[in-house]
Amino acid sequence: MDERDPLIDRAIETLREPVRLDPSMDQRIMAELERGPAPRAGTQPLWAAWDWLRRGRSVTVSPLGGLAAAAALAALILVGQWGAARLNDSAPPAAALEAAAVQFVLVAPGASTVTVVGDFNDWSATATPLRRAPGDGLWAVSVPLPPGRYRYGFLVDGAQWVKDPAAPPALEDDFGRPNSVVTVRGS
Amino acid sequence: MRTEGDAALVRRVLGGDTGAYAGLVARYRDRLGRYAVRMLGNAADAEEAVQDAFVRGYRSLGRCVPPERFGAWLFAILVNRCRTLGAQRARRERTVVSEEAVVERASVEHTAADDAWRDAIAWALAQLTAEQREAFVLKYVEELSYEEMSELTGAGISALKMRVARARDELRRLLEDQHG
C-alpha cells in the first residue's frame with residue numbers, strides 16, 4: 001500500500017508545503033477570546049456522579065464484531081439535574097442553563113477500554129472514558145450536558161466504533177459512521 | 001531565545017493570563033492552517049475552522065490533560081471542526097475550487113507550471129470523499145501513524161488503511177489524467 005509512487009510522492013511533497021493564513025487571524029482569535037468566559041482549571045472528573053446502579057432501559061443488541069463479547073446491552077439514562085460546567089461550546093451560555101447528568105452505559109464484556117465520543121467533547125476519542133463496573137462487563141459514565149441535541153458513539157478498545165443501541169440513530173452523519181443521538185431537554 | 005513550553009503557556013492561561021494564549025496561537029496556526037486548507041480546499045473556510053478550533057480550545061482548556069499534549073488535543077478539535085464545516089459546505093453544494101492555493105503563492109514565487117501542478121493536486125484532493133481525504137492527509141501530510149489516526153478519528157486501523165489506499169489510487173488516476 002505504501003509502495004513508492006513518484007506521482008503520489010510528488011503530490012505529498014507539495015501538500016506538505018507550508019500554508020500561510022491571514023496574519024490578522026491571530027488578532028481576531030484573541031479578540032474573540034475576550035468576548036467570552038475564561039477557561040477554568042481543574043474540571044471535575046466526569047465520574048464524580050457516576051451512578052450506574054440507577055436503573056434505565058436496556059436492550060439486546062447484536063454481537064459486536066471484532067470483540068470477544070458475544071452481545072452488548074446499552075442504556076442511556078437521564079439521572080437528574082446537575083449544575084456543572086458545560087461541555088459544548090456551541091450550546092447556550094451555561095449560566096442560563098442547568099446541565100443534566102446523562103449516563104452513557106455500554107455492556108461490552110470483552111472490551112479493554114470504552115470511551116464515549118461525541119460533539120459534546122469535540123469528538124475526542126480519549127476525553128470521556130467509561131468506567132468498568134465489577135462483573136457483567138458493564139461500562140458507564142455520567143456526563144453533565146446542558147439542554148441540547150448531541151450526537152455520539154462509543155469507541156471500544158480505541159478502534160471499534162459502536163452506536164448506542166438504546167438511543168435513536170443520528171440522521172445526519174457526516175462520515176457514514178453510525179452515530180446515536182441524545183436530546184437533553186431543559187427543566 | 002528561550003521559549004515557554006506548551007504546558008507552561010496552558011497553565012498561565014488557566015491562571016488568568018489570557019494573553020499567554022497568543023503564544024499557543026502563534027505556535028500552532030501554521031500547522032493547523034495547512035491541515036484545514038488541505039481538507040477544506042479554500043482559505044476562507046480554513047481560517048474559519050482554525051479560528052473556531054482555537055476559540056473552542058481556549059474555552060475548554062481546563063480539559064486539556066496533560067497540558068503537554070495541547071498540540072495534539074487542539075489538532076483533534078480542528079479535525080472535527082473541518083469535518084463539520086466540510087459537511088456543511090457539502091450540504092450547501094458549494095463546489096470546491098483550487099484557486100485557494102493562492103495563500104501559498106503569496107510568499108513564494110512559483111512558475112506557471114508549479115501553479116498548474118498545485119491546482120491539479122488541490123482539485124484532485126477535493127474529488128476524494130471526505131473520509132479518504134482525511135485519511136490521506138493525516139497519513140501523508142501530517143505523518144501520523146495508523147494508531148494515532150485511529151485514536152483521532154475513531155475509525156479502525158483496517159478501515160483507515162483501506163481509505164488511504166483508495167485515496168492513493170484515486171489521486172493517481174486523477175493526476176495521471178491531468179499530468180500523465
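**View 1. α1(A) crossing helix α6 (residues 112-127) of chain B.** The axes of these two helices come within 10 Å and cross at roughly 95°. Axes here are lines fitted to C-alpha atoms, for helices over the stretch in contact, with angles running from 0 to 180 degrees between N-to-C directions. Angles of 65 to 115 degrees count as roughly perpendicular, so that is the label for α1(A) and α6(B). Ala11(A), Thr14(A) and Leu15(A) on α1(A) meet Trp117(B), Arg118(B) and Ile121(B) on α6(B); contact takes C-beta atoms, placed from the backbone, that lie within 7 Å. Sorted by class, this contact has four nonpolar residues, one polar and one charged. (Nonpolar covers Ala, Val, Leu, Ile, Met, Phe, Trp, Tyr, Cys and Pro; charged covers Asp, Glu, Lys and Arg; the others, Gly among them, are polar.)

A word on the model: it is predicted, so local features need pLDDT of at least 70 and side-chain atom pairs count only at pLDDT 80 or more, while totals for chains, interfaces and linings use all residues. Residues are numbered from 1 along each chain as its sequence is written, and chains are lettered from A and ligands numbered from 1 in the order in which they are written.

**View 2. The side of chain A that touches chain B.** In this pairing, 45 residues of chain A are in contact with 59 residues of chain B. α1 (6-15), α2 (25-34) and β8 (160-162) of chain A each supply at least two residues of that side, and α2(A) gives the largest share, seven residues. Helices (H or I, at least four residues) and strands (E, at least two) are DSSP runs, numbered from the N terminus. By class, chain A's side has 24 nonpolar, eight polar and 13 charged residues.

**View 3. The largest nonpolar core.** Of its 89 residues, Leu106(A), Ala36(B), Val50(B) and Leu78(B) touch the most other members. Such a core is a set of buried Ala, Val, Leu, Ile, Met, Phe, Trp, Tyr and Cys residues joined through C-beta atoms within 7 Å. Helix α2 (residues 21-40) of chain B gives the most, with ten residues. Beyond its neighbours within four places in sequence, Ala36(B) is in contact with Ala46(B), Ala49(B), Val50(B), Leu78(B) and Cys82(B).

**View 4. Helix α8 (residues 146-153) of chain B.** Its buried residues are Met149(B), Ser150(B), Glu151(B), Leu152(B) and Thr153(B). Buried means 20 or more other C-beta atoms within 10 Å of a residue's own, exposed 12 or fewer, and partly exposed in between, with C-beta atoms placed from the backbone. After α8(B) comes Gly154(B), with a positive phi near 85°.

Notes: Two residues are in contact if their C-beta atoms, placed from the backbone, lie within 7 Å. Angles under 35 degrees count as roughly parallel, over 145 as roughly antiparallel, 65 to 115 as roughly perpendicular and the rest as oblique.
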